[in-house]
Amino acid sequence: MNVWESTDDTPNVDKGNFYSTNNKKATKITAIEKGTEGQQITILILDNLTTLQHGGAQKNDDLTLSQASNWLGAAGDTITLIYTGKFWYETGRSDNTKSGK
């Protein structure tokens, strides 16, 4: 697993298909760089500080997310994206946070 630990708002995915976040302060990911056409990645959130920003296929490498809105994941959540060669599109996410039940 490749870990994104810095507050890099445009991390790259040239080392595989499984990544995690471990940010120490609030970080908004606005784009994901160095993807290859057809590449599918899964991101495991290991903090409560990482927001993925919906870009709506406006700029190269930006993210098109469900419901056209930003997503603040919580520790244990995952999100999966696929790259068209120009933009990233969300294919699914899981909410694995503990409920109050």
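**Exercise 1. In this predicted model, find how far apart the mean positions of the positive and negative charges of the protein chain are.**

Solution. Start by counting: the protein chain carries 10 positive and 12 negative charges.

**Exercise 2. Work out which elements the protein chain is built from, and how its radius of gyration sits against the globule rule.**

Solution. First, list the elements: there are nine strands and zero helices. From the N terminus on, the order is therefore β-β-β-β-β-β-β-β-β. Next, look at the radius of gyration, which is 13 Å and close to the 13 Å of the globule rule for 101 residues, so the chain is as compact as a globular protein of that length. Finally, check burial: 37% of the 101 residues are buried.

**Exercise 3. Classify the aromatic pair Trp4 and Tyr19: is it stacked or tilted?**

Solution. The structure holds two aromatic pairs, and here is one of them. The ring centres of Trp4 and Tyr19 are 5.2 Å apart. Their planes meet at 25 degrees, and planes under 30 degrees apart count as stacked, so this pair is stacked. Now place the partners: Trp4 is in strand β1 (residues 2–4) and Tyr19 in strand β2 (residues 18–21), so the pair ties together parts 15 residues apart in sequence. As for burial, the cut-off is under 20% relative accessible area; Trp4 has 10% and is buried, and Tyr19 has 1% and is buried too.

**Exercise 4. Do likewise for Tyr83 and Trp88: is the pair stacked or tilted?**

Solution. Their ring centres lie 4.6 Å apart, with planes at 35 degrees, so the pair is tilted. Tyr83 is buried at 7% relative accessibility, and Trp88 is buried at 0%.

Methods
Residues are numbered from 1 along each chain as its sequence is written. This is a predicted model: local features need pLDDT of at least 70, side-chain atom pairs count only at pLDDT 80 or more; totals for chains, interfaces and linings use all residues. Side-chain values use heavy atoms; hydrogens and water are left out. Helices (H or I, at least four residues) and strands (E, at least two) are DSSP runs, numbered from the N terminus. The radius of gyration is taken over C-alpha atoms; the globule rule is 2.2 Å times the number of residues to the power 0.38. Buried means under 20% relative accessible area, exposed over 50%, partly exposed in between (1.4 Å probe, protein chains only). Lys and Arg count as positive and Asp and Glu as negative; His and the chain ends are not counted. The place of a charge is taken as NZ of Lys, CZ of Arg, CG of Asp or CD of Glu. Rings of Phe, Tyr and Trp (its six-membered ring) pair if their centres lie within 6.5 Å; planes under 30 degrees apart count as stacked, over 60 as edge-to-face and the rest as tilted.
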